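Colleague: I'm new to this one. Can you walk me through it?
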Amino acid sequence: PGLDLWSVPWYLLLRTAGAVPSNSLASHGYPAAMLGVAPRALWQMGLWAVVLPALLLLIVVQRTVERLEPGLGTAAAAVLGLGTLVLPFSTMLFSHVAAALLAFLSFAILFQRHAGAVRLVLAGVAAGLGVATDLPIAVPALFVGAYAASRSPHLQRLALFAAGGLAGITPLLAFDWWAFGSPFHLPYSHAAINPGPYGVEQTPTHTFFTLGAPHFRLALQLLLGGRGLLALTPVVAAGGAGVVVLWRKGLRAEAGLIGALCVAEIAWNAGRPDYPLALGGWAPGPRLLIPLLPFLCFSGAPVIRRAPRRGGPGLPVRFRRHEPFPHASRRPGRRLLHGAGRRRRSGRRGRQAPLSPPAPLRARRRGRGAGGAGGTAAEYAGARSALTQRRSPQRARLTLRYSGSSVTSRTRTG
């Protein structure tokens with residue numbers, strides 16, 4: 001009931017302002033009255049219940065990644081908000097995004113900070129509210145609790161986190177008591193694989209929400225199937241590699257948390273009877289894995305930092321700004337480089353002229369190759385020899401152009 005309790009104040013505000021659209025079928029009762037709900041009403045509730053938590057999730061991810069890899073927080077938040085299932089589910093009235101916000105917030109409160117008693121309790125409250133919003137958040141909550149207890153004093157920290165978690169799940173316990181007469185009777189108990197009309201169960205099961213032993217085939221489909229996680233959002237694969245990077249950086253508690261969480265989330269979702277149920281129904285992707293996405297974007301930041309940079313548009317800003325190419329155009333509206341994006345007149349059609357200096361020049365500019373006018377003159381002579389003997393003429397011309405301009409500039413300044 002967490003998402004409902006979060007949405008009630010917003011609904012009361014809209015109704016007080018007279019902005020709630022009327023429902024012509026309200027007197028027909030549930031579920032027929034749902035057919036009379038205006039689309040504008042869903043849009044109004046979605047702004048508060050889903051869009052706002054999605055924006056808050058991006059802010060929390062951005063600020064947490066900045067503490068891990070300064071300068072990459074915005075990139076990680078953009079990957080999460082634009083390149084994962086968070087984008088489509090931030091427009092639908094599902095509780096996954098809000099629950100993911102609370103689960104990751106619980107971790108963010110504890111990451112790289114001296115977590116005193118107040119922070120431990122607040123982290124537990126966030127985890128408990130996540131469970132009250134979406135019951136499967138109990139899995140991340142358990143792992144974050146173990147992460148909180150990874151430092152000494154272990155038992156005291158675990159007790160403080162558990163106290164906050166108990167306070168956070170109070171709305172869930174109160175709802176179960178009110179609806180079923182017992183705070184421990186969960187709504188997922190005795191779920192039906194094929195519910196009939198008006199909620200009548202046709203094929204009830206005796207397992208907890210149809211869960212059983214994990215199937216390796218379903219685990220592969222959750223990752224690599226047509227609607228699998230890696231098939232839809234391959235960028236999160238960097239998060240898996242980032243677990244290794246975090247371990248090597250000495251952040252072993254964080255690496256263990258995210259690695260164990262990945263295994264646990266995929267394992268319990270692979271315990272469904274078939275692939276549609278493992279995906280969470282006819283969804284655009286494995287929606288039950290959405291709480292895992294902010295953790296993967298967090299661990300993927302070190303991988304983005306260590307990604308190799310290539311020539312051309314990917315050159316460092318310092319190289320482009322302080323050492324411009326000698327043949328750059330000074331006319332406004334022209335491209336920075338002559339021939340950038342222009343097809344070569346000779347050779348195969350569609351081949352692009354190289355935009356980056358050869359490897360020896362790149363090494364020299366970084367300070368690892370031959371330095372000074374002597375090294376540049378040697379490169380210039382070698383390029384003329386290679387051009388005369390027809391050895392790699394394309395690279396020789398480029399080396400000749402850069403070396404010659406560099407010799408001229410050094411001669412003038414010298």
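This is a predicted model: local features need pLDDT of at least 70, side-chain atom pairs count only at pLDDT 80 or more; totals for chains, interfaces and linings use all residues.

Colleague: How many salt bridges does the count come to?
Modeller: The count comes to three salt bridges. Glu 69 pairs with Lys 249 at 2.9 Å, N to O, with Arg 305 at 3.1 Å, and with Arg 306 at 3.6 Å. Salt bridges that share partners join these four residues, Glu 69, Lys 249, Arg 305 and Arg 306, into one network.

Colleague: Is Glu 69 buried or exposed?
Modeller: Glu 69 counts as buried because its relative accessibility is 6%, and the cut-off for buried is under 20%. Lys 249, at 36%, counts as partly exposed, and so does Arg 306, at 46%.

Colleague: Where do Glu 69 and Arg 306 lie?
Modeller: Glu 69 is in the loop between H2 and H3, while Arg 306 is in the loop between H15 and helix H16 (317-322), so their pairing ties together parts that are 237 residues apart in sequence.

Colleague: Switching topic: at what angle do the axes of H5 and H15 cross?
Modeller: They cross at roughly 45°, and the axes come within 9 Å. That makes H5 oblique to H15. On the H5 side, Ala 100, Ala 103, Phe 104 and Phe 107 make the contact; H15 brings Pro 294, Phe 295 and Phe 298.

Colleague: And which residues form the nonpolar patch on the surface?
Modeller: Tyr 30, Met 34, Val 37, Leu 42 and Leu 93, with about 540 Å² of accessible area together. Val 37 sits in the loop between helix H1 (2-16) and helix H2 (39-68), and at 38% relative accessibility Val 37 counts as partly exposed.

Terms used
Residues are numbered from 1 along each chain as its sequence is written. Side-chain values use heavy atoms; hydrogens and water are left out. Patches are made of residues with over 30% relative accessible area and no salt bridge: like charges are joined within 9 Å, nonpolar side chains (Val, Leu, Ile, Met, Phe, Trp, Tyr) within 5 Å. Accessible areas come from the Shrake-Rupley method with a 1.4 Å probe; for residues, only the protein chains shown count as cover. A salt bridge is a side-chain nitrogen of Lys or Arg within 4 Å of a carboxyl oxygen of Asp or Glu. Helices (H or I, at least four residues) and strands (E, at least two) are DSSP runs, numbered from the N terminus. Buried means under 20% relative accessible area, exposed over 50%, partly exposed in between (1.4 Å probe, protein chains only). Axes are lines fitted to C-alpha atoms, for helices over the stretch in contact, and angles run from 0 to 180 degrees between N-to-C directions. Angles under 35 degrees count as roughly parallel, over 145 as roughly antiparallel, 65 to 115 as roughly perpendicular and the rest as oblique. Contact means heavy atoms within 4.5 Å.
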